Amino acid sequence: MDPSVDRIAQPWGSRTPYGRHEAWPTRVDTRLAEGVRPDDVERWVRSASILHSDGDAMDIAVRDGGIVGVRGRATDRVNHGRLGPKDLFGWQANASPDRLTRPLIREGGRLVACDWDTAMGRVVARSRELLDDQGPGSIGFYTSGQLFLEEYYTLAVLARAGIGTNHLDGNTRLCTATAAEALKESFGCDGQPGSYDDIDHMDVMALFGHNIAETQPVQWMRILDRLDGRDPPRLICVDPRPTRVARRAAVHLAPRVGTNVALLNALLHEVIRAGHIDEEYIGAHTVGFDELAAGVEDCTPEWAAAICDVPADRVREAAEIIGSAERLLSTVLQGVYQSHQATAAAVQVNNLHLIRGMLGRPGAGVLQMNGQPTAQNTRECGANGDLPGFRNWQNDAHVADLAKVWNVEPKTIPHYGPPTHALQMFRYAEQGSMRMLWISGTNPAVSLPELGRIRSILAQERLFVVVQDLFLTETAQLADVVLPAATWGEKTGTLTNADRTVHLSEKAVEPPGEAKPDLDIFLDYASRMDFRDKDGGPLVTWHDPESAFEAWKRCSAGRPCDYTGLGYEKLRGASGIQWPCNDRFPEGTERLYTDGISWAHPQVCESYGKDLVTGASQEAVDYRAANPDGKAMLKACAYLPPHETPSEEHPFQLTTGRTIYHFHTRTKTGRAPQLDAAAPDVWVEASTADADRLGFHEGDLMEVATPRGALRARLRVTGIRPGLLFVPFHYGYWDTEAGHGPADGSPGRAANETTVTDWDPVSKQPLFKTAAAALRLVERGDGVSAPAPTTTASAPAEPAGVPATEGGPSAHATQTEGPEGHEREGSVA
């Protein structure tokens, strides 16, 4: 890394251009603590990032028993030595002085320190009391996207076969549930078809609701290097904000939020109309083409333009680029996943690839991306609601096979209905049927929608809340028991990124005080609860990370995510190996579906599918009738209007998203000085047109209000589409001024005070992207309070439902040159 490059001001670093079909050059990025030189480092310890889903491999620098920096691993297949800003600076949070170092229990309304026996004694006593009095359905587990595979698998076993509850989910429900469901709907099973290496070979890349520059910055570096090299690709960007990706795009489509399905149906219409389809591939590997073609027959670009407010000619141009691509790579993220008709929209992206035959070849693939760092592991291990190993809860043979692995009776594993998703779990707690909720490694008091409601649920006296975390987060402050956890660099385990690459992260330093690895905490709980298998032996037979990994390998054997060819020693050699890795693929598998569709047959598929409108589960008999030979499924879906639309009282649409400098609710990145200084506070983004019309200015203090709540933030005026507001969701209350925020009823700075309790019917992923909102001036940027009555924004320049004029000022489909600076994740397609 060029030491002269400021990696906060220039987060993607310097360029190493390369051409199509060439290997991405190596560039090793290093960051050491002030005053520490490379020769001062006593040892380098293998790891990978847990601050995004890219899986950047890195080595941890250790000196005097502490972490003093990181460097990228040059030989790794994912990053070729590069690191993003969160990688380079986030490690400093480990040594934060406010780390939790002892367990806490609630006494007299206050959290007080205690020993582990006391804390775990309370957890076990309440667990046994609830099991005896109300049964396993009274206990739920809500976990993270930052733990290790070994920890998720242990949690899944103790929850499913130990407690016997159906209430187990992760905050991956907020970021990656739609990715999993879309893959199951199209291919019968989870698992990313594509690979990051496809960036080296594609000639067209379409990014749907995915600001990869900020969410996976190292892969954006890879794209930038291709753009500056020989035979650069063309980019299609679908995002209502003028992001870095949008500025480099051949076509930037900025649709009205909540209209993804309409836009994608128009793209499918044009690709089919122009004959850009692979009839041989469709006939050999898919079912449902005639229904899809009929479903989009009337979805012309003009029809989409009226709904999406994008020029019809630009829709045609994008469709022609996609249709004529030699090797098409598409990526999808929160702009689709957290928006209206999420799964239906993501499935249409899969449809584009299937009708073009763009799968299983270098440069031809789709990446239904992840948001959380180890989201893929929650899905594989069953910690996100599904059964481990991508088994089908509706298939009795799959349940029996899992029961055999665990040596329990099949009836022990709850499979009487679909697994409980996160928002339903909180509803059960609200209603009183769930009386204990164990939260590990996540902060729902900031990250879930409609936070006033979430706080009231967590504060109920009848709900026993256990929080397992690094810091006294907003959620931990509401807990009955707080367990101090170790984190990355302080424990050993494996993690899998968004393109199925497995890395080993090894312990570099000791955790602070009495903090313990999450695996040790789960193992301790299983031992104290004395969970047993059907023969009377211990249900959980492993005792450390490596033995847990070996146990997981037995569970994954013969399943799509087969890990049997992996082991800790092997992972200490090659840097990054993609599953499946087994006897057939001893060095891993770069791309899925190279020889057809592998896991869609009725006997082996992970899911029989769902109705894309209602979310109702399809039965096995219907699936067999529709797809007897196990082909990919082309599923059409009609556009439906969003549930909440602008009104006279709330004339704007509000979307939330991310910034490159922070992860989730900032529990780590907010404690890294450089990252915190780069984005210290929340802001609200509005269009130049709306700001000029309403007389608002950059830096004004604004209040953003919806029917559910409000927040206050400084105004940023950008090239975002008119009628839309953007707020980053990272900011909570732990570092605000005393007395400010929800405690005194005044507007705080948490975006999710305003978001709606609603979710996609298929994936059950919350909708953070389509709230109706009002914008009010509180104080001018120069500190002068707004006059009474304060100014409230009237209807935007272009209310929802007004079609664009071709080529006019409302034609949101050009490569907009927005203001300089680092855009936040567009998050809306």
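Q: Why is strand β3 described as mostly covered?
A: Six of the seven residues of β3 (residues 57-63) are buried, where buried means under 20% relative accessible area, exposed means over 50%, and partly exposed lies in between (1.4 Å probe, protein chains only). The model is predicted: local features need pLDDT of at least 70, side-chain atom pairs count only at pLDDT 80 or more, and totals for chains, interfaces and linings use all residues. Residues are numbered from 1 along each chain as its sequence is written, and side-chain values use heavy atoms, with hydrogens and water left out.

Q: What makes β18 and β20 the edge strands?
A: The open sheet has three strands in the order β18-β19-β20, paired antiparallel. Both β18 (493-496) and β20 (577-578) pair on one side only.

Q: How do you know that β19 pairs with β20?
A: Two bridges join β19 (residues 501-505) to β20 in an antiparallel arrangement, and the definition asks for at least two, so the pairing holds. V502 lies across from I577.

Q: Why is T496 called buried?
A: T496 has a relative accessible area of 1%, which is under 20%, so T496 counts as buried. This residue belongs to β18.

Q: What makes the approach of T496 to N377 a polar contact?
A: A polar contact is a pair of N or O atoms within 3.5 Å; within protein, one must be able to donate a hydrogen and the other to accept it, and residues adjacent in sequence count only if both atoms are side-chain atoms. The side chains of T496 and N377 are joined at 2.9 Å, and those of T496 and Y563 at 2.7 Å; both values are within 3.5 Å. Contact, in turn, means heavy atoms within 4.5 Å. Beyond its neighbours within four places in sequence, T496 is in contact with residues including P373, E380, V502 and W579.

Q: How do you know that helix α6 is mostly covered?
A: In α6 (residues 217-227), 11 of the 11 residues are buried, among them W220, R222 and D225. The buried residues pack against α1 (85-89), β9 (204-208), α5 (212-215), β10 (234-238) and α7 (244-247).

Q: Why is H21 called partly exposed, whereas Y593 is called buried?
A: H21 has a relative accessible area of 48%, which falls between 20% and 50% and is therefore partly exposed. For Y593 the value is 5%, which is under 20% and therefore buried. Each is a non-glycine residue with positive phi: about 70° for H21 and near 65° for Y593. H21 lies in the segment before β1 (30-32), while Y593 is in the loop between β20 and α23.

Q: What makes the peptide bond from W579 to P580 cis?
A: Its omega is near 0°. P580 is located in the loop between β20 and α23 (620-626).

Technical notes: Helix = DSSP H or I, 4+ residues; strand = E, 2+ residues; numbered from the N terminus.
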